[in-house]
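I am opening a notebook on a structure I have not looked at before. I will start with the whole chain and then go to single residues.

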Amino acid sequence: METNETTDAVTEAVTEPGSGHPGDNPPPATSRRGGFVYVMSNQETGNSVTVFTRDVYGNLTRKGTYPTGGLGVGRSYDLEDTSDPLVSQGSLIASEDQRFLFGVDSGSDEVSSLAVEGERLRLVSRVATGGVRPVSLAVHGGLLYAVNATDGSISGFQIGDDGTLTAIEGSHRSLIGGAAAGPSQIQFTPDGTQLIVTERQTNVIDVFPVDAYGRAGEPVRNQSAGLAPFTATFHGDVLMVTEIIGAPGFLGSMSTYHVNRDGTLQVISAAVTTTELTTCWTANSVLDPGVVYVANAQSGSIGAFRIDEQGAITLFPADGHLAVTRNSHATQDMAITNDGLYMYVLTAGIDEKIADPRLPTYVEGTPYCDKMSISAYRIEANAGLTTLKGFGVADDPPRVVSPGVLAPSAGGLAPGSEGIVAF
């Protein structure tokens, strides 16, 4: 099968260690290895995954772009579209052995699997989810589950040794909130016996039992400790859920839970607020297992929590603020490399819907810009973050403006891109 690889590489690498950051003294290159970063385009004209190579200093070079064969939902030139069309975590994930990538094709209601072959990807399988608009995926061993946003449902698949996906008969289940749920993430418990789904719009967390055949049962309803639950990630056996709106009804927050065998959740820390707006995505530290990083979309910033052995969390640092993204633009998905040394955060630009003076949503003084880039950080021994160059183009006003349509920028990522994986 053809991959339609894009051969014109765009280089954003910096060759000098510590370039642009006076006083930086990173470890010698011999103690570190390079790797890869993958980003999904989520384009309505054809979904794809772009491969970036990562050097030992964390710099990225864009390589090939490989179609998934399905369709996304990001509208590159629609002024009324948003910069985060999936509103989810886990739209692009890797198998546990990192041999395969799995991505949602939200525009064609499918899931695709791609084999990882060095700098290249190879499309292996594409299957229908049985629902409408899949937004998040979860993997455990040879099982893959997708959650569909429009109809509020989940579906399961077996993963073959070659990455082929096969639907599991009897695995399709409805969320408690149905079409009104607004799911943001689906996730397996560490032992694979339960599935967690956050319902952002109903403030409910569903817990599904999973039997020995990989089939999900009926969900157990749990009320979220904070408003608009977003992520469902784990620190050991402790479930961590970010909330877009915390207990005060303004700042973002995170709650932690024990997941009981009967599907009920026991609150450990309830809606511990950040100092930032719209707390969404998370990434667990590798260098310091007691730290989980959070991306705050509306603030365009990165913060963190410390988690103790019992699962209780406290804000880290005390002011909850570690770094800002490129030009303080909105954060999206985030990923940390296998060695724990680097973090990459998808970063939105300024929405054209507030930058175009012809629209009623226009905010005076807002510049046009490319929507998407990758903000990059080196993770220090003290869990702090040092900003690196990342990948993207300088803000680039469109050369052609016609009613409702903007010309694309000269580089960077496709507006509406979703999902990032780092090795």
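I began with contacts across the chain, keeping in mind that the model is predicted. Of the contacts between residues at least 6 apart in sequence, 54% link residues at least 24 apart.

Next I looked up the secondary structure. The protein chain holds one helix and 33 strands.

Then I checked burial and surface. Of the 423 residues, 58% are buried. The accessible surface is about 16200 Å², and carbon and sulfur atoms account for 52% of it.

I turned to the nonpolar cores. The largest has 46 residues. Tyr 38, Leu 101, Phe 102, Leu 144, Ile 154 and Leu 195 have the most contacts inside this core. Strand 9 (residues 143-148) gives the largest share of the core, five residues. A second, separate core has 23 residues, including Ile 244, Ala 283, Tyr 293 and Leu 385.

My last stop was Ser 153, in strand 10 (residues 153-159). Is Ser 153 buried or exposed? Ser 153 counts as buried because its relative accessible area is 1%, and the cut-off for buried is under 20%. I then checked its side chain, which makes a polar contact with the side chain of Asp 151 at 3.0 Å. Beyond neighbours within four places in sequence, Ser 153 is in contact with Gly 131, Ala 146, Val 147, Asn 148, His 172, Arg 173, Ser 174 and Leu 175.

Methods:
Residues are numbered from 1 along each chain as its sequence is written. This is a predicted model: local features need pLDDT of at least 70, side-chain atom pairs count only at pLDDT 80 or more; totals for chains, interfaces and linings use all residues. Side-chain values use heavy atoms; hydrogens and water are left out. Helices (H or I, at least four residues) and strands (E, at least two) are DSSP runs, numbered from the N terminus. Buried means under 20% relative accessible area, exposed over 50%, partly exposed in between (1.4 Å probe, protein chains only). A polar contact is a pair of N or O atoms within 3.5 Å; within protein, one must be able to donate a hydrogen and the other to accept it, and residues adjacent in sequence count only if both atoms are side-chain atoms. Contact means heavy atoms within 4.5 Å. A nonpolar core is a set of buried Ala, Val, Leu, Ile, Met, Phe, Trp, Tyr and Cys residues joined through side-chain atoms within 4.5 Å. Accessible areas come from the Shrake-Rupley method with a 1.4 Å probe; for residues, only the protein chains shown count as cover.
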